[in-house]
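Open the model in your viewer and keep the selection tool at hand.

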Amino acid sequence: MNHLPTTQVADNGMVVAPHHAAAEAGLDVLKAGGNAIEAAIATAASLSVHYPHMTGIGGDAFWLVYDPQEGVSFIEASGHSGYEVTPELYQGVESIPFRGKLAANTVAGAVSAWDQAYRKSQKDWQGCLSSAALMAEAVESASRGIEVTPSLAETLLDKATELQADPFFAEVYYPQGKVPEAGETLLQEKLGKTLQSLGDNGFDDFYRGDIAKSICNDFEIRDGFITHEDLRQHQAEFKPHLEIDTKHAKLFNASAPTQGVASLMILGLFDRWVEKLPEKDSVNYVHLLVEATKIAFEHRDRMDTSASAEELQAWLDPEYLDELSARIDFDKAQPWGEKTEPGDTTWFGAMDSQGRVVSAIQSIYHEFGSGLMLPETGIVWQNRGCSFSLDPNHVRSIAPHKKPFHTLNPAIALFKDGRVMAYGTMGGDGQPQTQAAVFSRYAYYAEDLQTSINQPRWLLGRTWGNSSESLKLEKRFPREYATELKQKGHDFEWLEALDASVGHAGALVRHPSSKIEGAYDPRSDGKAAGF
């Protein structure tokens, strides 16, 4: 395919995001003397405007931050369920709805990640830019209008019936009652004003200031369940991350309540086969990573969202992974009948001239989250809480002030030769699988960074836009793979050549020479923007 992108190279800094305008917003911050954290905040705000079906300030976030002097730190910014959210709210339904006020049952933590990161930037990195400057592009784009992408237009069309059920949502995203078409201009004026207020008054205003009051007023208007106390009690925190040593690099990922442990387990299991690796992109290469995924998901699905990093780190113990890897048979697929998790997300990364790095992921879960629009603030609230169970005996049963399970997990790798890599993707249960594909191609097979993302990928289970639980491969893989995978016992089907179901990946690598390489996913509207 001649149109596939090539690896971008920069000397001073680079930002990767799944929308080109957001990458440019972050790059402008770097050019103005900002650092990687400041660039990432601008990128996050911009994505909230340009990619509203995938992310927003009504969602949650997780950040990994790397400082050459301090190492890797982890910001956990997911929200608890509201204090008024009890099982009794859901009497008469079998599961928590995906849409509406019953789905909007957890605090949105994304902006608290900005706040925590910004404080670190000011304190430790001599951050020089105001919060208003970091919001400037997002505010202008929301107020003047964004160009509707094909991805946004397709989502608004496909989900029109359920999303138009909310009149406040429909007023903004279905102007004059019509589905916006790709290329048209879409205004988000109230969201722009909210972002402007956050820039002027500081990000904590979302939880303890005038914006918090407006959010609570909005929830009262919508007869919802998030209160002043819920917002006031919320705080993003620096928490212990997870890590694992592999042949080429030490890998870092987010701890609970995310599936970061699964991403590390997959690559840890793959690393056990380093002396007899399958040929790159062969049937056995795909099979090995799929079988590792099954083992990792089996563990992940019994994880308590309150588990400590120390508890989860036990699953990454070398002897334990040695034991688990013995279950992988190259001739036979393990049974698979999991109910996996869909999800819409945005991963983005930034590197600055001082070698500091951000790998971040921000999401409202399903397309447009709960679809519940807050009329005064213009915020669409997430539906992450629909991952709670109504079974009182389930490890993830719903209860007041409890964290839901997250598929979100950003990654960083510190190579033994001095390279630093930030990588990640959107895609629900596809996230650990795409991380494994991108990292293994780059690290174990010495593939070019952009090619590692361009090459065809696979998905076991469900994700954005795909509800099938089968093993699915993009059809750029050789056709005979279908027969060979079925012979191994996989339930198999084909995807399109470049299918968004396998995620919107991105990656950045800083070399010891200070050269920076960046790559974005051709399945997205993204860009790797550097200077």
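Select aspartate 223 first. Aspartate 223 is partly exposed, its relative accessible area being 48%; buried means under 20%, exposed over 50%, and partly exposed in between (1.4 Å probe, protein chains only). Its phi is near 60°, a positive value in a residue other than glycine. Look for aspartate 223 in the loop between α10 (210-221) and α11 (228-233). Helices (H or I, at least four residues) and strands (E, at least two) are DSSP runs, numbered from the N terminus.

A word on the source. This is a predicted model, in which local features need pLDDT of at least 70 and side-chain atom pairs count only at pLDDT 80 or more, while totals for chains, interfaces and linings use all residues. Residues are numbered from 1 along each chain as its sequence is written, and side-chain values use heavy atoms, with hydrogens and water left out.

Next, select histidine 401. Here too phi is positive in a residue other than glycine, near 50°. Histidine 401 sits in the loop between β13 (379-380) and β14 (411-415). With a relative accessible area of 33%, histidine 401 is partly exposed.

Now go to alanine 256 and proline 257. A cis peptide bond joins them, with omega about 15°. Proline 257 belongs to the loop between β9 (249-253) and α12 (260-271).

Colour the sheet. It is open, with seven strands in the order β1-β20-β19-β15-β14-β9-β8 and antiparallel pairing. Two strands pair if DSSP finds at least two bridges between them. β1 (8-10) and β8 (242-245) are the edges; each has a single partner strand, so one side of each lacks a neighbour in the sheet. From one strand to the next, the twist averages 15°.

Axes are lines fitted to C-alpha atoms, for helices over the stretch in contact, and angles run from 0 to 180 degrees between N-to-C directions.

Zoom to β19 (residues 505-510) and β20 (residues 516-520). Five bridges join these antiparallel strands. Valine 509 stands opposite glutamate 517 in β20.

Finish inside. Which residues have the most contacts inside the largest nonpolar core? Select Trp63, Trp114, Leu195, Phe206 and Trp381, in a core of 80 residues. A nonpolar core is a set of buried Ala, Val, Leu, Ile, Met, Phe, Trp, Tyr and Cys residues joined through side-chain atoms within 4.5 Å. Helix α2 (residues 36-50) gives the largest share of this core, ten residues. Another core, of 64 residues, lies apart from it and includes Trp315, Ala436, Val438 and Tyr445.
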